[in-house]
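Let's take a friendly walk through a protein fold, one piece at a time. Have a look at the sequence and the structure before reading on.

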Amino acid sequence: MKSIQAEFKKDPHKIKIKAKAAQENWIEVCSRFNDDVERVCDVNDLGDYTGLYQCFDEANKSFFYLVEEDKALFRMKRRHFLDNIGRTR
């Protein structure tokens, strides 16, 4: 799954790819932020990217990433959900 760092303004609702941002593997981005990520909204007009996610570092500073979501992402999210509630795969 590919991702790229983005800039997001809530009012007015505006999303754009951050200047000089490089495409990254989404799983590696999640690992870098210790899986402290949350989905913000759907994206329709930025190429293959379908979701905007907010990531938090150790100082709780937020970073936004556009993500090309696919079936592997939904399986990964479900696996983490089951792990968090104490169910095994």
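This report goes from the overall fold to one strand, and then to the cores. Keep in mind that the model is predicted.

**The overall fold**

The protein has two helices and six strands, and their order along the sequence is β-β-β-α-β-β-β-α. Of its 89 residues, 31% are buried. The accessible surface is about 6,300 Å², and carbon and sulfur atoms account for 47% of that surface. Now consider the contacts with a separation of 6 or more: 40% of them link residues 24 or more positions apart.

**A covered strand**

Strand E5 spans residues 51-56, and six of its six residues are buried. In a regular strand, side chains alternate between the two faces of the sheet. In E5, Gly51, Tyr53 and Cys55 point one way, while Leu52, Gln54 and Phe56 point the other way. Residues on both sides are buried.

Which strands pair with E5? The table shows them.

| Strand pair | Partner of E5 | Bridges | Direction |
|---|---|---|---|
| E4 and E5 | E4, residues 37-42 | five bridges | antiparallel |
| E5 and E6 | E6, residues 62-67 | six bridges | antiparallel |

You can find these pairings in the structure by looking for particular residues. Val37 has Cys55 in E5 as its bridge partner, and Tyr53 stands opposite Tyr65 in E6. E5 and E6 form a hairpin with five residues between them. In that turn, Asn60 has a positive phi of about 65°.

**A buried serine**

Is Ser3 buried or exposed? Ser3 lies in strand E1, residues 2-9. Its relative accessibility is 0%, so Ser3 counts as buried. Leaving out residues up to four places away in sequence, Ser3 touches several others, including Trp26, Val29, Tyr49, Tyr65 and Val67.

**The nonpolar cores**

The largest nonpolar core has ten residues: Ile4, Ala6, Phe8, Ile15, Cys41, Val43, Tyr49, Leu52, Phe64 and Leu66. E1 and E6 each supply at least two residues of this core. Its largest share, three residues, comes from E1.

Apart from neighbours within four places in sequence, Phe64 is in contact with Ile4, Gln5, Ala6, Phe8, Val40, Leu52, Tyr53 and Gln54. There is also a second, separate core of nine residues, with Trp26, Cys30, Cys55 and Val67 among them.

Definitions and conventions: Residues numbered from 1 in each chain as written. Predicted model: local features only at pLDDT ≥ 70, side-chain atom pairs only at ≥ 80, totals over all residues. Heavy atoms only, no water. Helix = DSSP H or I, 4+ residues; strand = E, 2+ residues; numbered from the N terminus. Buried < 20%, exposed > 50% of the residue type's maximum accessible area, 1.4 Å probe, protein only. Contact = heavy atoms within 4.5 Å. Areas by Shrake-Rupley, 256 points an atom, 1.4 Å probe, with all protein chains shown as cover. Pairing = 2+ DSSP bridges. Core = buried A, V, L, I, M, F, W, Y, C linked by side-chain atoms within 4.5 Å.
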